[in-house]
Amino acid sequence: MASQTIIETTALTKRYKQQLAVDRLSFGIEEGEIFGFLGPNGAGKTTTLLMLLGLSLPTAGRARVCGLDPIRKAKEVKQQVGYLPENVGFYADLNAIESLEFIAELNGIDRDQSREKILEVLRVVGLAEEAHRQEVGTYSRGMRQRLGIAEVLIKDPKVMFLDEPTLGLDPDGALRMIELIRSLNEDHQMTVLLSSHNLQQVQRISHRVGIMIKGQLVAEGTIDALAKKKLGIGEEQYTLEEIYMKYFREA
Amino acid sequence: MSGLFAIYRKELADHFSSYRFVILFALIAMVSFITSYMAAVSIRETLEGIAKPKFVFLLLFSTSGAVFSMVRFVTFFGPLLGLVLGFDTLNRERAHGTLSKLVSQPIYRDAVINGKFLAGVTVITVILVSVVLVISGFGLALLGVVPGIEELWRLGIYLLVSICYISFWLALAMLFSILFKSMATSALASVALWIFLSFFISLGASVVADAFAPLDTMQRIDRSMLIKNVDLKETVSLFSPMVLYSKATDTIIDPTRNTTRTRDLLLMGAAEEFSAARFKGPLSLGQSILVVYPHLLVLIAITLVCFGVSYAVFMVQEIRT
């Protein structure tokens, strides 16, 4: 495991009028790890991701992504971070290659260089055959998610923020997506911040997890450490679901 | 800048490949061509057998064809072009989930709104320039007159003012597309404001004028009260961008027009008017611009202010999926 902290927050807070969406969040993610970000709907996970990307102004506290302030150096942070939102949108009248060409252009990648890169990422995500033939508007949910990953990979990011990457996928599609994330982490040393409700998938690939409830980070650590702390068990079988539900009920 | 150009190019491609553009362009072109053709025929018949006066070419744009002139058509329906191009610029991206994807790329956030606005202005320019060029071709063929340098300059300035005018409505529609998530709501708000600013202000101007400077038609009208009434009506109506544009372009296109104020005509007696008409020569381009430069400045200012407000709102708005 790499030792450099690549994402760090200190008392990061976001308040919307009367509602405290994120409450003094302090945590760190090491380079090269997959960090599972768990929590119920409205816990503040997406708000946290937006603040880390510089898309939402924090009310208080600070954040560092790749050593940079996401508010003051938003463009530089976004060069290093790929973001797959929960409901990723596409331009329905473009095909996969045209979509990726547009994203490459936004990332300042030269047209000649981008062609080769596009074909490579399409091969990685398994969309090489459909790339020319179909418009994105005709894609299935699984294909759209994979194209979303391709759009993230086109810029060679150091970090990926994935918000519910397996949402709406069938079991086979979800498994392939999870394995893709694992291979990107292992083969390319990519740091992944994975926000998901699917605890089984998170348990499968995450090195560490953080559990957010009502804007607060109530638990952080390896799954094994959380199990020992919360369930008082050592070598026995446990599921992340059991750990999560224990925290959730207490909150 | 690469982000700005990428978004500008994509938006331009979207506009030119859309049915919306084809329908709008066909509609504007058709009405403009029919109007100008009938104007050209009318001018040719009127001037048959007599020496053609100066600035005949510009009459193509200011003479009524079937119902209205080309200038009047752009005054009333040009705003619709801006509104149609702008009402769903940002909220369509938001609804499709592409806006969060755009702003999460390493581009400056304002590249999104700047690129889209520039693309809209480019489409407006292409449509107007194309129409003016084709009408000019009609004029050359039907009237047999070649426009002079000053006429070309006046046409050029008319085009610039028209682009600015329609861009104001584009900026307004974009503002509503930022404020309202629903495309239907932003379209409705845009049209409602167009109707209010273009028609109700003129109606309201009469009401305000009659309230503060009533004219008693039963008795002999007091001249000073009449002037006050007319002045008040004109001042209030200048709050309408349509009136501002109309007064500015009427003077630019018609060199014989030396005032935008109705009261100046009222102050002249019949003998004075007759005397003035005998010696009435066309204004030079510089003088025409001097007459309408306040209107031009206000038009440019409201366009910039409207876009500035859209810019400011978009920059602070949180974008979530």
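A: Start with an open sheet of 3 strands in chain A, in the order β2-β1-β4 and with antiparallel pairing. Its edges are β2 (19–30) and β4 (60–65) of chain A; each has a single partner strand, so one side of each has no neighbour in the sheet. On average, neighbouring strands here are turned by 15° against each other, direction ignored.

Some ground rules before going further. This is a predicted model, so local features need pLDDT of at least 70 and side-chain atom pairs count only at pLDDT 80 or more, while totals for chains, interfaces and linings use all residues; side-chain values use heavy atoms, with hydrogens and water left out. Residues are numbered from 1 along each chain as its sequence is written, and chains are lettered from A and ligands numbered from 1 in the order in which they are written. Helices (H or I, at least four residues) and strands (E, at least two) are DSSP runs numbered from the N terminus, and two strands pair if DSSP finds at least two bridges between them.

Back to the sheet. Strand β1 (residues 5–16) of chain A is joined to β4(A) by 5 bridges, and the two run antiparallel; you can find A:Thr13 opposite A:Ala60 in β4(A). Helix α1 (residues 45–53) of chain A lies across β1, β2 and β4 of chain A, at about 115° to β1(A). Axes are lines fitted to C-alpha atoms, for helices over the stretch in contact, and angles run from 0 to 180 degrees between N-to-C directions. Contact means heavy atoms within 4.5 Å.

Now the other sheet. This open sheet has 6 strands in the order β5-β6-β7-β3-β8-β9 (chain A), with mixed pairing. β5 and β9 (216–221) of chain A are the edge strands, each pairing on one side only. From one strand to the next, the twist averages 15°. Strand β3 (residues 34–38) of chain A and strand β8 (residues 208–213) of chain A run parallel and share 4 bridges, with A:Phe37 opposite A:Gly210 in β8(A). Helix α6 (residues 171–188) of chain A lies across β3, β6 and β7 (191–195) of chain A, running at about 140° to β3(A).

A:Tyr83 has A:Phe161 as its bridge partner in β6(A). Both faces of strand β5 (residues 81–84) of chain A are covered: A:Val81 and A:Tyr83 on one side, A:Gly82 and A:Leu84 on the other, are all buried. Buried means under 20% relative accessible area, exposed over 50%, and partly exposed in between (1.4 Å probe, protein chains only).

A:Phe161 turns up again in the largest nonpolar core: of its 160 residues, A:Leu122, A:Leu147, A:Ile149, A:Phe161, B:Phe61 and B:Val112 touch the most other members. Helix α8 (residues 149–179) of chain B gives the most to this core, with 17 residues. A nonpolar core is a set of buried Ala, Val, Leu, Ile, Met, Phe, Trp, Tyr and Cys residues joined through side-chain atoms within 4.5 Å. Not counting residues up to four places away in sequence, A:Leu147 touches several residues, including A:Phe90, A:Ala96, A:Leu100 and A:Leu122.

Among the buried ones are A:Ala96, A:Leu100, A:Glu101 and A:Glu105. Their cover includes α4 (111–125) and α5 (141–153) of chain A, together with α1 (2–16) and α6 (98–103) of chain B. At the start of α3(A), a side-chain oxygen of A:Asn95 reaches to within 3.1 Å of the backbone nitrogen of A:Ile97. After α3(A) comes A:Gly108, with a positive phi near 70°.

From the chain B side, B:Lys101 sits in helix α6 of chain B and is buried, at 7% relative accessible area. Leaving aside neighbours within four places in sequence, B:Lys101 contacts A:Val88, A:Gly89, A:Phe90, A:Ile103 and A:Glu151.

Key
A polar contact is a pair of N or O atoms within 3.5 Å; within protein, one must be able to donate a hydrogen and the other to accept it, and residues adjacent in sequence count only if both atoms are side-chain atoms.
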